[in-house]
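The entries below are in the order in which I looked things up.

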Amino acid sequence: MATYIEIARPSYQPVQIINPNDVSGASLGATLSVPFRGVTSEPYLYVEFPTFACWLEASIIEIEQQLMSGVVSIQVTLYDGVALKLILNGRLSEDGTEFSVLGAALQTALTEERPRSDFVAATLNALLGLSGKVRLHIPEIGLDVESSFDISLLDISQKLQARQTDYRLMVIERATGLEFVMPTSGFSGEEIGDISFAYYAITERSFIHVLNYVQLLTPANQESIDIVSAIDKSGVLPSLPPKLETRTILGHSVRLGPQTYTIEDAYVENFDSVLQELAVADGHEVSVTVRSRGNDAVYYLPQAPQLPDSPWTPEIQALVDLESRLDAELVDRYNALAAASLANLTDEEIAAVTERPELDEDAFLINGTDRNSNQDEGGDNT
Amino acid sequence: MPIEPPPPGTSLVVDNDLFQDWRFSQPYILAEIRDYQSRLKMLPALTSMTVFEALGGLRMWKSRAPFLMNARSWPAMPLNN
């Protein structure tokens with residue numbers, strides 16, 4: 001089977017602190033008049049991401065004021081299935097007319113266990129982490145603060161991985177009409193592989209994907225010798241008769257239609273012994289294993305389900321279109337981190353700090369072991 | 001580029017040569033890192049040997065010029081010692 005990295009489904013419950021040092025320190029610069037005036041029946045929270053030149057609009061469903069405790073909690077619906085809670089920490093003035101915002105936190109939560117909800121939440125978290133400055137704006141209560149979120153690059157990277165899986169599930173749902181419920185315990189490597197395969201079948205129809213080997217049963221005769229020899233000599237396993245391909249994804253059978261594939265860097269495993277067995281020429285079935293040197297094959301699924309021309313709402317499409325920019329921002333951060341390891345060093349210092357250590361014969365001894373005693377026992381110290 | 005295009009979906013690691021080129025911001029490795037992230041939504045891993053060798057350079061420098069360590073602030077490192 002293909003080897004994939006298992007991706008655990010991220011939790012969207014942790015509170016993201018904006019300017020954590022400011023929570024008990026300097027003001028974020030916002031002072032709200034109390035009681036909150038002009039709050040209409042449907043106020044909005046606007047979250048603006050200047051780095052990406054975009055913003056999100058979220059309908060506020062509740063403002064909970066615990067002013068004496070220094071907390072204002074604002075709950076919004078970001079999208080179907082995604083709730084957002086903005087928690088403002090601050091101080092009420094002595095005369096009780098103003099609330100100074102000292103810090104803020106955002107908490108996202110899924111109210112619907114669907115790929116689309118997960119996708120929106122993952123995109124939001126990635127945006128928060130990669131945007132640098134984020135502007136939070138609620139015109140109705142006079143809130144207008146700009147700050148940054150403290151999310152590690154590793155966390156952001158994991159969000160983008162989850163986002164990719166979410167998007168692929170959305171594509172499969174949209175093309176097949178199925179509705180997936182997200183698992184609570186992440187995906188197995190095999191599930192990630194099936195999701196990837198179905199996604200490419202739908203979006204590409206002809207694509208390169210993992211294939212470790214093909215097992216063929218062929219009678220022991222001269223014709224089989226010719227076929228097997230041709231495969232090994234040409235390195236090409238021609239297309240086999242089509243078979244109906246179905247992958248099981250989150251408990252649903254995803255029918256992908258007839259499938260064929262070819263291996264373009266094929267070789268026959270144990271070629272000489274296979275030839276010897278085929279040369280018996282008594283017609284008995286011989287198992288022939290054909291492998292790909294690159295562990296892949298070109299798949300053709302011409303009748304796989306298709307996406308409609310405009311599969312997403314404008315809001316979702318806008319989030320989908322952010323992918324390349326999110327990737328670029330993340331990679332730029334990592335590249336800067338790598339470059340920073342040599343920053344401000346002289347050429348001599350760089351040469352020294354990048355010099356490889358010379359390893360002697362004991363370099364790979366396991367710490368604390370006695371080489372002589374291991375050799376006596378025939379042990380392997382490497 | 002010293003490596004051929006990998007099969008799709010294959011996780012890769014960065015060896016010490018590539019890691020050094022990455023630290024020197026060589027354009028080819030920056031492009032490869034960008035492409036890898038675009039496809040797999042992750043960065044290639046550093047092998048333990050790569051980390052060992054990178055840390056070895058730091059230790060050697062520290063042992064040869066300890067005064068430098070005190071004379072200036074240490075640059076940010078993407079490695080945990």
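**Entry 1: the starting residue**

I began with A:Thr218, which I found in strand β11 of chain A; helices (H or I, at least four residues) and strands (E, at least two) are DSSP runs, numbered from the N terminus. I noted that this is a predicted model, in which local features need pLDDT of at least 70 and side-chain atom pairs count only at pLDDT 80 or more, while totals for chains, interfaces and linings use all residues. Residues are numbered from 1 along each chain as its sequence is written, chains are lettered from A and ligands numbered from 1 in the order in which they are written, and side-chain values use heavy atoms, with hydrogens and water left out.

Is A:Thr218 buried or exposed? Its relative accessibility is 16%, so A:Thr218 counts as buried; buried means under 20% relative accessible area, exposed over 50% and partly exposed in between, with a 1.4 Å probe and protein chains only. I then listed what A:Thr218 touches, leaving out residues up to four places away in sequence, and found A:Ser224, A:Leu278, A:His284, A:Glu285, A:Val286 and A:Val288; contact means heavy atoms within 4.5 Å. With A:Ser224 there is also a polar contact between the two side chains, at 2.6 Å. A polar contact is a pair of N or O atoms within 3.5 Å; within protein, one must be able to donate a hydrogen and the other to accept it, and residues adjacent in sequence count only if both atoms are side-chain atoms.

**Entry 2: the sheet around it**

Which strands make up the sheet? I read an open sheet of three strands of chain A, in the order β11-β15-β14, with antiparallel pairing; two strands pair if DSSP finds at least two bridges between them. The edge strands are β11 and β14 of chain A, each pairing on one side only, and the twist averages 30° from one strand to the next. Axes here are lines fitted to C-alpha atoms, for helices over the stretch in contact, and angles run from 0 to 180 degrees between N-to-C directions.

Seven bridges link β11 (residues 213–219) to β15 (residues 285–292) in chain A, and I picked out A:Pro219 with its partner A:Glu285. Between β14 (residues 266–268) of chain A and β15(A) there are three bridges. A:Arg291 of β15(A) stands opposite A:Tyr213, and A:Tyr267 also stands opposite A:Arg291.

I next checked the helices: α4 (residues 222–234) of chain A lies across β11, β14 and β15 of chain A, at about 135° to β14(A). Helix α5 (residues 271–278) of chain A packs on the sheet and touches these strands, its direction making about 155° with that of β15(A).

**Entry 3: strand β16 of chain A**

Why is β16 (residues 296–300) of chain A largely enclosed by the rest of the structure? Because four of its five residues are buried. Strand β10 (residues 206–210) of chain A runs antiparallel to β16(A) and is joined to it by five bridges, with A:Val210 partnered by A:Asp296. Strand β13 (residues 252–262) of chain A is likewise antiparallel to β16(A), over three bridges, and there A:Tyr261 has A:Tyr299 as its partner.

**Entry 4: the cores and chain B**

I looked up the largest nonpolar core, which has 103 residues; those that touch the most other members are A:Phe49, A:Ile74, A:Leu86, A:Leu88, A:Leu143, A:Ile249 and B:Trp22. A nonpolar core is a set of buried Ala, Val, Leu, Ile, Met, Phe, Trp, Tyr and Cys residues joined through side-chain atoms within 4.5 Å. Helix α2 (residues 153–176) of chain A gives this core the most, nine residues. Another core, of six residues, lies apart from it and includes A:Leu345, A:Ile350, B:Leu55 and B:Leu58.

At the N-terminal end B:Asp15 caps α1(B), a side-chain oxygen lying 3.1 Å from the backbone nitrogen of B:Asp17, and just after the helix B:Ser25 takes a positive phi of about 55°.
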